[in-house]
Amino acid sequence: MTKIHKQESMLVESRFLWASIGILVTLSGLLFRLWYVQIYQGDYYHEVSERNRVRKIEIPAPRGIIYDRHGEVVLGNSPFYDLVYIPQYIQDRDTTFKILSRLLHVPPHRFETRLEMAQGQPKFLPITLKRNLSQHEVSIIEANKLFLPGIEVRVAPRRDYGPDVPPHLIGYLKEIDPEGLEKLNQSAAGDNPYLIGDLVGKQGIEQRWESYLRGKRGYRLIQVDAFGRQTQGFEENGWQFPSVPAIPGSDLELTIDKELQKVAQDAFNGKNGSVVVLNPQNGEILAAVSEPGYDPKAMQNGLSPEDWRRLQEHPFKPFLDKTTGGEFPPGSVYKAVVALAALEEGIVDSNKTFYCPGHFTLGNRLFYCHERHGHGTVNLLKALMKSCDVYFYQVGVELGVDRIAKYAKALGLGQLLGVGLNMERPGIVPSSAWKLLVHRFPWAAGDTPNVSIGQGYDLMTPMQMANLYATIANSGKVWRPYVVNRVTNHVGETIYEHQPSLIREVTEIKPETFQMVRNALTAVVMDPQGTGKNAQVPGVTVAGKTGSVQVVSLKKNRNQGDVSMSWKEHAMFAAFSPAENAEIAVAIVSQNDSVGGGGRSAAPIAGKVIAAYWRLKDERAAQIANRAPAAAGSPQAEAVSHEKQEKAN
Amino acid sequence: MRSKKKQTEGVFLMPEGDLKRPYSPQGVLICLLFAVLLGIGLINLFSASIGASFFWTQLRNLTITFTAFVAFGWLIPIKRVQAYAYWFAALVSLLLIVVLSTGRIAGGAQRWINLGPVSFQPSEFAKLTVVLCVSRFFASNRQDAPYRLRDLTPLIGIIGVIFLLIFAQPDFGTAGVCAIIAVCQIAFIRVDLRSLAIVVLSAPIVAAIGWNTVLMPYQKLRVLNLLNPNLDPQNTGYHALQSLIAVGSGGVFGKGYMQGTQAHLRFLPERHTDFIFSVFAEEHGFWGSVIIFIGFGLLTYIALDIAKHAKDTFTGLLAVGLGTLIFVEFAINIAMVMGMFPVVGIPLPFFSYGSSAMLTVCVSLGLLISINRNNTGVSKR
């Protein structure tokens with residue numbers, strides 16, 4: 001049997017002995033080394049690890065700086081001091097807290113809650129007890145450091161919010177929560193993990209560009225004794241501790257104009273809603289305001305639960321970015337779409353008239369015009385200029401909802417614009433199929449008149465509204481709005497550059513049709529009888545459309561004065577300037593406006609923004625002209641020439 | 001022939017004749033060691049991965065790797081393994097090429113393949129491939145005369161391709177382990193003395209050329225660093241030094257579970273993967289470590305014992321190779337942690353975090369059990 005065995009296996013039996021010897025020798029070698037390190041030299045290494053506790057000091061990286069289109073700093077950083085608690089080095093927690101509370105005049109239970117929040121994390125990781133210490137507090141803590149082992153003051157660069165940082169657009173920073181930490185570290189962080197206490201972007205650009213903005217933390221190692229004081233010792237033996245400098249985050253260059261943003265913010269002050277300013281030539285967002293806002297500084301420092309609840313329960317939702325996430329019925333602003341559809345479908349031409357008696361009857365339902373006495377006989381120009389509802393009721397009924405929807409979709413409505421900021425909403429372009437799908441109810445004929453004046457089911461975000469008017473201004477190019485123009489890393493290399501991209505080109509509508517609607521919209525503002533005359537800007541042409549959206553049907557009670565806040569009309573205004581080859585498109589949405597409708601409340605704001613745009617352009621051109629005397633003609637002159645062209649037409 | 005008689009009796013009672021199978025302590029011992037080492041390894045990983053989710057990920061991956069252990073141990077016949085050995089080699093080579101071309105950059109080298117939620121390291125499987133290839137080669141090319149270099153050319157070709165593919169990642173450590181395993185396996189075969197002499201004499205020349213042309217600067221630094229730890233303490237020496245302090249400070253009985261300061265102060269780099277033994281040695285001291293040494297020594301000895309009683313060349317060489325695989329990884333890793341060997345990125349079986357390495361170990365032990373079952377008669381009909 002052994003013979004068979006040998007024949008089958010070619011393994012040389014004597015080698016097994018050698019192998020066993022080899023294993024034994026290796027094992028004894030390792031065992032000897034283990035004994036040598038752990039027992040013979042054990043005390044030495046034990047001492048090294050005990051006495052020479054090395055502490056890793058994290059060097060936080062500053063976030064990237066956010067610049068506006070002209071290189072002005074929108075949001076930068078400055079150093080802040082934090083009080084930090086390292087559980088491992090704490091000897092007597094209660095005494096420590098007692099001392100701290102006496103030094104800083106903070107009740108000890110505040111510290112306890114901070115500790116409870118950080119429960120379960122390893123003992124060597126610091127816990128932030130108090131953020132943003134004043135210089136005075138820092139010096140007090142440093143002076144009493146001997147009595148406070150395990151307590152440290154750490155300096156960290158943090159966001160330095162000025163008074164007019166747009167909170168929704170820029171976003172805010174918040175301490176990372178444990179679940180988010182896990183998720184981020186598994187998905188995106190790579191070799192630069194997040195730690196508890198790190199601040200992450202929670203909204204707007206800070207969130208969307210988090211991976212670019214956040215830097216890479218560095219660290220250095222120091223040696224400390226049992227009291228947590230820095231010592232020398234290990235380094236004397238010739239060892240150098242590694243230290244890695246922090247790498248700052250990448251800087252963003254926005255398309256925002258800081259000055260214009262401030263003007264828009266000031267002009268809109270006191271209202272709830274949103275202002276969006278776009279460049280119709282490429283989709284750059286020049287300004288974006290969403291009101292009411294919140295204080296990003298307070299968010300960074302950590303909000304008390306009461307403040308948080310107060311913000312959450314605010315009726316106008318301060319956290320919602322209304323520029324892309326707020327959906328509003330567009331009101332009469334939508335009439336431009338209906339006008340484009342009707343012209344393109346041949347239902348009306350510029351001469352076709354309807355008679356407006358102040359109301360419109362469809363079946364047994366009565367639809368009122370906002371002007372109860374009627375506009376008389378109106379053609380398209382007049383209908384838009386005076387915002388005649390009856391004209392558009394009739395046009396809308398003749399068009400039918402699906403044909404309106406076709407053109408609205410062609411203009412890019414009812415779908416996400418892809419700005420990529422915050423919770424973008426697509427809006428709603430109602431159609432008969434949509435209603436059947438969503439409401440499980442067929443389209444009723446009575447729905448159409450409402451839709452054709454932008455009420456009822458229609459919903460649009462302010463960004464879409466601005467983009468719609470930009471599209472009308474540039475004769476059918478639907479640009480994708482964008483806000484970050486360029487990203488440069490800490491050594492100044494450009495690592496991202498945005499190329500303007502078209503969402504679609506509107507081939508369904510002829511340029512002449514756009515021209516006709518543009519002329520009508522110009523009349524809305526430039527004509528002394530137009531509803532948008534408050535948006536007039538001396539020296540340039542402005543084209544636009546007002547909108548006032550009834551929130552509830554107020555039958556006969558048209559006196560807005562004594563209606564409760566949440567029942568007041570939304571005031572809308574969308575405009576572009578100049579009327580031909582527009583450089584700026586503006587959309588204003590004021591929720592439940594207390595002043596009045598679009599013409600009275602929103603149009604003046606648009607006027608201010610447009611005026612500021614030309615003024616700023618003028619000033620900048622003058623600045624350049626001062627530097628180089630042989631500069632080109634001022635924008636004012638250009639604007640005037642546009643106006644002349646317009647009149648010649 | 002006595003057994004044959006028993007077999008027939010057995011057939012009368014039960015078709016497989018399992019009742020009369022001679023008792024084999026090896027299989028039971030392997031299962032026992034598997035459980036003990038894996039248990040200690042997991043408990044240790046829990047301590048090493050505080051503040052991170054490595055432990056839970058490892059536990060989750062264990063369900064897959066344990067299935068592989070059972071499958072290779074009891075379900076897949078060893079003959080099937082032999083038949084598919086080359087196919088497996090081809091697959092792994094393909095994966096290695098994929099890694100080279102598209103692999104995820106991590107840890108300074110391209111070692112991973114990322115398939116959505118799972119990412120794996122084909123170079124870990126390559127060790128197993130080498131074991132299988134060598135075994136299969138000698139099983140299919142048997143000759144009575146000692147093997148000459150000429151006879152071994154196809155084998156050297158296969159191993160060489162795998163070696164170079166791993167080396168190019170670059171993963172010097174894994175490539176080296178593959179080579180060592182192959183050499184150890186071939187050492188159990190009669191090889192022509194003259195061929196051996198040629199190889200041994202040319203080895204220094206190849207090594208010298210390799211040092212000057214192939215080795216990456218960081219790999220050279222690691223080797224030099226071993227010779228003189230003070231050379232570059234900030235980078236390469238730092239790992240070795242911190243790990244040495246961790247092991248040394250453990251002392252006789254260690255600092256206690258979850259009490260290791262070195263490890264928990266985050267001084268130990270890679271403390272959940274390559275340097276995991278330093279966490280264990282710091283927390284459990286000399287006697288704790290001795291238990292681990294005994295465990296691995298016993299496991300290797302059992303593998304050799306199984307190889308000794310193997311019925312054919314394939315199973316014999318396979319058992320030798322698997323034993324070598326586990327022992328070499330163990331020895332290199334421990335030597336590395338204790339500052340006796342350059343830092344080469346070899347995981348410690350059962351202890352290190354990483355599903356690919358764990359899968360390799362589980363499959364290895366499964367195969368050993370399968371070989372043992374093959375030895376003790378199930379298929380001896």
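What share of the contacts in chain B with a separation of 6 or more is accounted for by residues 24 or more positions apart? The share is 71%, two residues being in contact if their C-beta atoms, placed from the backbone, lie within 7 Å.

1. Basis. This is a predicted model, in which local features need pLDDT of at least 70, side-chain atom pairs count only at pLDDT 80 or more, and totals for chains, interfaces and linings use all residues. Residues are numbered from 1 along each chain as its sequence is written, while chains are lettered from A and ligands numbered from 1 in the order in which they are written.

2. Confidence. The predictor gives the complex a pTM of 0.59 and an ipTM of 0.86. In chain B the average pLDDT (the predictor's confidence in each residue, from 0 to 100) is 82, and 81% of the residues score at least 70. Within chain B, helix α14 (residues 313–337) has the highest confidence, at 93, and helix α1 (residues 2–13) the lowest, at a mean of 46. Over residues 1–19 of chain B, pLDDT stays under 50, and the model has 10 contacts beyond four places in sequence for them.

3. Chain B overall. Chain B has 15 helices and 3 strands; these are DSSP runs (helices H or I, at least four residues; strands E, at least two), numbered from the N terminus. Of its 381 residues, 48% are buried. A residue is buried if 20 or more other C-beta atoms lie within 10 Å of its own, exposed if 12 or fewer, and partly exposed in between, with C-beta atoms placed from the backbone.

4. B:G251. This glycine lies in the loop between α11 (236–250) and α12 (261–264) of chain B. B:G251 is buried, with 20 other C-beta atoms within 10 Å. Leaving aside neighbours within four places in sequence, B:G251 contacts B:G285 and, in chain A, A:Q38, A:G42 and A:H46.

5. Helix α15 of chain A. Because 10 of the 10 residues of this helix (residues 335–344) are buried, it is largely enclosed by the rest of the structure. Among them are A:K335 and A:E344. After α15(A) comes A:G346, with a positive phi near 75 degrees.

6. Cores. A nonpolar core is a set of buried Ala, Val, Leu, Ile, Met, Phe, Trp, Tyr and Cys residues joined through C-beta atoms within 7 Å. The largest has 129 residues, of which A:Y469, A:A575, A:V586 and A:V609 touch the most other members. Helix α23 (residues 598–627) of chain A gives the most to this core, 10 residues. A second, separate core of 111 residues includes B:L45, B:Y147, B:V177 and B:I332.
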